[in-house]
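Let us take a friendly walk through a protein model, one stop after another. Have the sequence and the 3D view ready so that you can find each residue as we go.

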Amino acid sequence: MTLQATLDETAGIAPHHPDNAARNRLVIAILLVSTFVVFLNETIMSVAIPHLMGDLGVTASAAQWLTTGFLLTMAVVIPVTGFLLQRINTRPMFLLAMSIFSTGTLACALAPGLELLIVGRVIQAVGTAIMMPLLMTTVMTLVPPESRGKTMGNISIVMSVAPAIGPTIGGFILANFDWRFMFYFTLPIAIAALVLGGLRIRNVSAPRYAPLDVLSVILSAFAFGGLVYGLSSFGESFAHTGEPGPVPLWLPIAVGVIAMGLFAWRQFGLQREDKALLDLRVFQSRNYTVSVSMMLVAMMALFGTVILLPIYTQNVVGLDTLETGLLLLPGGLIMGLLGPVVGRLYDRVGPKVLAVPGAILVSAVLWALTTVGQDTAPWALLAGHVVLSVGLALIFTPVFTSSMGSVRAELYSHASAVLGSIQQLAGAAGIALFVALMTIRTAALTSEGVDQVEALAGGIRAAFLVGAIISLFAILAAFFIRKPEGGAPGHGGH
């Protein structure tokens with residue numbers, strides 16, 4: 001326990017006491033800016049793969065490892081952050097995360113070829129994986145229950161605006177500069193956040209001893225890594241070739257499922273003595289479980305739609321990359337602008353009043369997308385994406401706030417790590433499902449003699465149909481989410 005934490009405890013001062021308000025606002029602001037930078041980096045590369053293939057003389061499958069390696073590292077590291085956040089205080093944890101991220105960014109900027117570029121991306125992913133759980137855990141510790149919605153709304157800006165403007169910034173840089181400038185753009189911002197955090201951020205948590213179970217680390221790597229890699233490979237294989245590759249696609253998924261079962265069994269045994277790497281008692285809270293389930297469905301819909309819409313706009317409607325980026329930009333910005341508004345509403349009315357209409361809007365757009373064709377007007381796609389973004393804005397802030405507030409305070413780090421891990425799995429699963437369905441249906445229509453462009457449109461409609469059906473479960477779950485009473489309950493269930 002830190003000296004400040006000890007003094008606060010002795011004086012009876014809670015971390016979110018008004019006497020600490022100025023310090024808390026500064027800590028959260030620095031964490032928000034830093035997390036924005038690492039999230040921006042995650043999507044700024046999405047438009048660069050074709051350029052890198054040409055500049056570095058590599059194949060699409062090789063260049064795709066820039067994305068796969070990043071996601072795989074995130075999936076492996078995030079489960080361990082629950083343990084790290086218990087053992088290491090706020091300031092050193094922040095400095096560790098941003099130092100690792102800055103080192104990876106520098107390595108990417110100086111990379112002479114694909115191999116070192118992939119290494120740099122993996123190093124970046126380690127820092128990125130730490131930042132979001134650190135931000136969520138810190139907010140839950142410092143912000144009183146009655147104000148958490150507003151702060152979580154600010155977090156939703158990071159989660160929506162950064163990924164939305166990432167491809168636009170990346171496209172602008174690639175149109176005017178060398179691809180390395182994507183990292184030269186990010187690096188000074190990351191270093192500035194690191195320096196500012198080193199000077200101004202203060203320790204606000206009270207670390208405690210937590211043993212590291214090496215077997216749990218190994219099992220979690222195979223479990224989360226195997227599932228994310230298998231699902232990502234599944235989607236990529238169908239996207240690039242329309243058929244499986246030389247390695248059986250089921251193998252990493254099967255390894256992931258088996259390892260996940262063993263990992264869960266191991267945690268059930270360890271958590272009786274508070275030694276679990278990832279404490280699964282967070283799921284004893286019904287509200288947490290329902291909220292996470294709804295988030296999983298929403299993230300699948302978001303990632304699946306984000307991957308399919310550019311394919312549709314460019315290969316069916318005929319828009320170019322810049323036009324596609326501009327079409328998707330307003331939705332992301334609107335989602336971010338709505339975040340604080342939705343957060344304040346959450347503090348007043350709770351999650352159900354927001355999440356139910358949000359889930360209905362998301363489902364309605366997905367059902368509407370099952371009717372798209374070659375003659376669908378771009379303005380209709382723009383309107384649909386904006387409505388989808390409004391629906392997601394109504395979902396994310398209430399889901400994150402109610403889920404995290406439904407567990408005991410000592411489980412915040414585990415709850416945020418579980419949330420982050422499920423986000424990665426949901427994203428990989430959404431992309432794999434949507435792309436595979438699109439490709440299989442497109443191939444079937446092509447074999448029947450349907451025009452290639454129309455067959456692709458038919459494949460996209462089929463993928464959105466399955467997405468629309470899945471979205472109905474989110475509507476059902478929204479009715480069961482409720483606002484935690486007084487923040488973190490005194491026991492695990494709710």
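Which residues make the nonpolar surface patch of about 680 Å²? The patch is made by Leu212, Val214, Ile218, Phe222, Trp250, Leu251 and Val255. Keep in mind, as you look for them, that this is a predicted model. Two elements give two or more residues to the patch: helix H10, which covers 214–240, and helix H11, which covers 250–270. Phe222, for instance, has its place in helix H10.

Stay with helix H11 for a moment and turn to charges. Arg266 forms a salt bridge with Asp213, and their closest N and O atoms are 2.7 Å apart. This pair links distant parts of the chain: Arg266 belongs to helix H11, while Asp213 sits in the loop between helix H9 (181–200) and H10, and the two are 53 residues apart. How covered are the two partners? Arg266 has a relative accessible area of 26%, so it counts as partly exposed. Asp213 has a relative accessible area of 14% and is buried, because buried means under 20%.

The count of salt bridges comes to six, so let us visit two others. Asp279 and Arg281 bring their side chains together in a salt bridge, at 2.6 Å from N to O. Here Asp279 is buried, and Arg281 is buried as well. Then find Glu410, which forms a salt bridge with Arg408; the closest N and O atoms of this pair are 2.6 Å apart. Glu410 is partly exposed, with 44% relative accessibility, whereas Arg408, at 15%, counts as buried.

Next come the aromatic rings. How many aromatic pairs does the structure hold? There are seven aromatic pairs. In one of them, the rings of Phe177 and Phe181 have centres 5.3 Å apart and planes at 35°, so this pair is described as tilted. The label follows because planes under 30 degrees apart count as stacked and those over 60 as edge-to-face, with the rest called tilted. Phe177 is partly exposed at 45% relative accessibility, and Phe181 is also partly exposed, at 39%. Now compare the pair formed by Phe283 and Tyr288: this one is edge-to-face, with 5.6 Å from centre to centre and 70° between the planes. Are these two residues buried or exposed? Phe283 is partly exposed, with a relative accessible area of 33%, but Tyr288 is buried, with a value of 0%.

Look at Tyr346, where Lys483 lies over the face of the ring, at 5.3 Å from the ring centre.

Where does Ser102 lie? You will find Ser102 in helix H6, which runs over residues 90–110. At 8% relative accessibility, Ser102 counts as buried. Which residues is Ser102 in contact with, leaving aside its neighbours within four places in sequence? They are Leu187, Ala190, Ile191 and Leu194.

Notes. Residues are numbered from 1 along each chain as its sequence is written. This is a predicted model: local features need pLDDT of at least 70, side-chain atom pairs count only at pLDDT 80 or more; totals for chains, interfaces and linings use all residues. Side-chain values use heavy atoms; hydrogens and water are left out. Rings of Phe, Tyr and Trp (its six-membered ring) pair if their centres lie within 6.5 Å; planes under 30 degrees apart count as stacked, over 60 as edge-to-face and the rest as tilted. Buried means under 20% relative accessible area, exposed over 50%, partly exposed in between (1.4 Å probe, protein chains only). A charge sits over a ring if NZ of Lys or CZ of Arg is within 6 Å of the ring centre and within 35 degrees of the ring normal. Patches are made of residues with over 30% relative accessible area and no salt bridge: like charges are joined within 9 Å, nonpolar side chains (Val, Leu, Ile, Met, Phe, Trp, Tyr) within 5 Å. Accessible areas come from the Shrake-Rupley method with a 1.4 Å probe; for residues, only the protein chains shown count as cover. A salt bridge is a side-chain nitrogen of Lys or Arg within 4 Å of a carboxyl oxygen of Asp or Glu. Helices (H or I, at least four residues) and strands (E, at least two) are DSSP runs, numbered from the N terminus. Contact means heavy atoms within 4.5 Å.
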